[in-house]
Amino acid sequence: MFDKRKIVEEFGLSEHIVIYHGDCLELLKTIPDESLKLVVTSPPYNIGKEYERRLKLESYLEQQAAVIRESVRCLSRHGSICWQVGNYVDNGAIVPLDTVLYPIFRNLGLKMRNRIIWHFEHGLHCSRRFSGRYETIIWFTKSDEYTFNLDSVRVPQKYPGKKYFKGPNAGKYSCNPLGKNPGDFWVIPNVKSNHVEKTEHPCQFPVELIERLVLAMTNQGDWVLDPFLGTGTSIIAAIRHNRRGIGAEVVPKYIKLAKDRIQQELAGTLRTRPMDKPVYDPIEAGNSLTVAPWANHNISRQLLLIKERKVRYRTK
Ligand SMILES: C[S@@+](CC[C@H](N)C(=O)[O-])C[C@H]1O[C@@H](n2cnc3c(N)ncnc32)[C@H](O)[C@@H]1O
C-alpha cells in the first residue's frame with residue numbers, strides 16, 4: 001500500500017501525500033469531519049518574517065482561531081493537535097504565544113495533555129534580555145480516548161542496564177527495558193546553518209521533532225495535517241513512518257522545496273538528523289575552541305579592547 005505513493009493536490013481518503021498551494025483555510029474546507037489523527041504545525045508568529053504580514057495581536061489571534069477551529073472539526077475523536085510556538089515580540093516586550101492561544105483550544109473543549117519545552121542551543125543573541133533558547137509545543141486531544149504509543153518513543157534511561165541486586169526481583173531490570181518516557185523537556189537541535197536539514201526557509205522543524213509526535217500520536221495509515229507546511233517537514237515525518245501527510249503552503253518557493261524534499265524522502269535520499277543521535281558536545285568531542293578567552297592568561301588583544309570598551313561587541 002505504501003509502494004506507489006505520489007504527491008497530489010487535492011484531499012482524498014485513499015491518497016497518501018497532499019500538498020495544497022494556497023491558504024490553509026481553503027484546504028481545510030475540503031477535508032471531511034473527524035478524518036485526521038494528528039494536526040501538527042508551527043504557524044507564523046506575527047513577527048514580520050518574509051512570509052507574513054504583521055498584524056495587531058488581536059487580529060492575529062482571530063486568524064489563528066479560525067485555523068484551529070477548522071482543524072478541530074477535521075480531527076478524529078482519537079486525535080491530537082500540537083501547536084508549536086515561540087514568542088511574539090512587541091516593542092521589546094515578549095508575549096509567549098502559547099499563553100494567548102491556550103484559551104482558543106480550551107474554549108473548543110479540548111484537553112491539554114502536555115506543554116512540551118523544546119530546548120535548543122542556537123538563535124539570536126539578545127543584549128537587553130536573556131537569549132531565547134526554547135519554544136513550546138502545546139498538545140491537546142479531542143477526547144480521553146486518544147492514541148498514545150508511548151513504547152514507540154521511549155528513550156534510553158541514564159543507567160539502562162541497571163538490575164535489582166537483591167530481593168525477589170534480583171537479576172531483573174529495575175527500569176523498563178524498552179526505555180523511559182521522554183518527558184516534556186526535549187533537547188533537539190534546531191535547524192540553523194550547520195544542520196544537515198537546512199534549506200533557505202528561515203524556520204524549519206527538525207524532522208526528528210515531528211517524528212516523535214507522529215510515532216506517539218498516530219498509527220500506520222493515519223492522516224497527519226500541517227496547515228502551515230513550509231518545507232514539508234511534517235509530511236516527511238509522517239510518510240517515513242507509513243502515515244499519510246497533507247499540508248498547505250502559500251509561498252511557491254517553499255512548495256517547491258517541500259515537493260523536492262518529499263521526493264527525496266520517497267527515494268530514500270533525504271539527509272536528516274537521526275532521532276537517536278546524541279546532541280553534539282564540543283568538550284566531549286575534544287574541540288580545541290572550548291577554552292573561554294577570559295580563562296586564558298594570554299588574553300587576546302581583541303578581548304582587551306572589548307573589555308576596555310574601545311571596540312563594541314555587537315549583538316542584535
Ligand atoms: C513557521 S513556518 C513553518 C515551517 C515548517 N514547520 C517547516 O518545517 O518548514 C510557517 C509557514 O506557513 C506559511 N503560511 C503562512 N500563512 C499561511 C496560510 N494562510 N496558509 C498556508 N501557509 C501559510 C508560511 O509561508 C511559512 O512557510
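This is a short talk on one protein model, from its overall make-up down to a few local features.

The model is predicted. The protein has seven helices and 11 strands. Its C-alpha atoms fill a box of roughly 65 × 65 × 40 Å along the principal axes. Of the 316 residues, 30% are buried. If you take contacts between residues at least 6 apart in sequence, 66% of them join residues at least 24 apart.

Next, the core. The largest nonpolar core has 55 residues. Leu36, Leu38, Ile81, Ile210 and Val214 are the ones with the most contacts inside it. Which helix or strand gives the largest share of this core? That is H4, with six residues.

Take Ile81 as an example from that list. Leaving out residues up to four places away in sequence, isoleucine 81 touches Val39, Ser71, Val72, Leu75, Leu110 and Phe140.

Now to helix H5, residues 233-240. How many of its eight residues are buried? Seven are, so I call this helix mostly covered, taking buried to mean 20 or more other C-beta atoms within 10 Å. The seven are Thr233, Ser234, Ile235, Ile236, Ala237, Ala238 and Ile239.

On to the ligand. It is surrounded by 19 residues, and the closest are Tyr51, Phe228, Gly230, Thr231 and Thr233. Thr233 is also one of the buried residues of H5. By class, the shell has 10 nonpolar residues, six polar and three charged.

Last, a hairpin. Strand E5, residues 87-90, and strand E6, residues 93-96, pair in the antiparallel sense over four bridges. In one of these pairings, asparagine 87 has proline 96 in E6 as its bridge partner. Two residues lie between the strands. Which residue in the turn has a positive phi? Asparagine 91 does, at about 55 degrees.

To recap: a 55-residue nonpolar core, a helix H5 with seven of eight residues buried, a ligand with 19 residues around it, and the E5 and E6 hairpin.

Note on methods. Residues numbered from 1 in each chain as written. Predicted model: local features only at pLDDT ≥ 70, side-chain atom pairs only at ≥ 80, totals over all residues. Buried ≥ 20, exposed ≤ 12 C-beta atoms within 10 Å, placed from the backbone. Contact = placed C-beta atoms within 7 Å. Near = placed C-beta within 6 Å. Nonpolar A, V, L, I, M, F, W, Y, C, P; charged D, E, K, R; others polar. Core = buried A, V, L, I, M, F, W, Y, C linked by C-beta atoms within 7 Å. Pairing = 2+ DSSP bridges.
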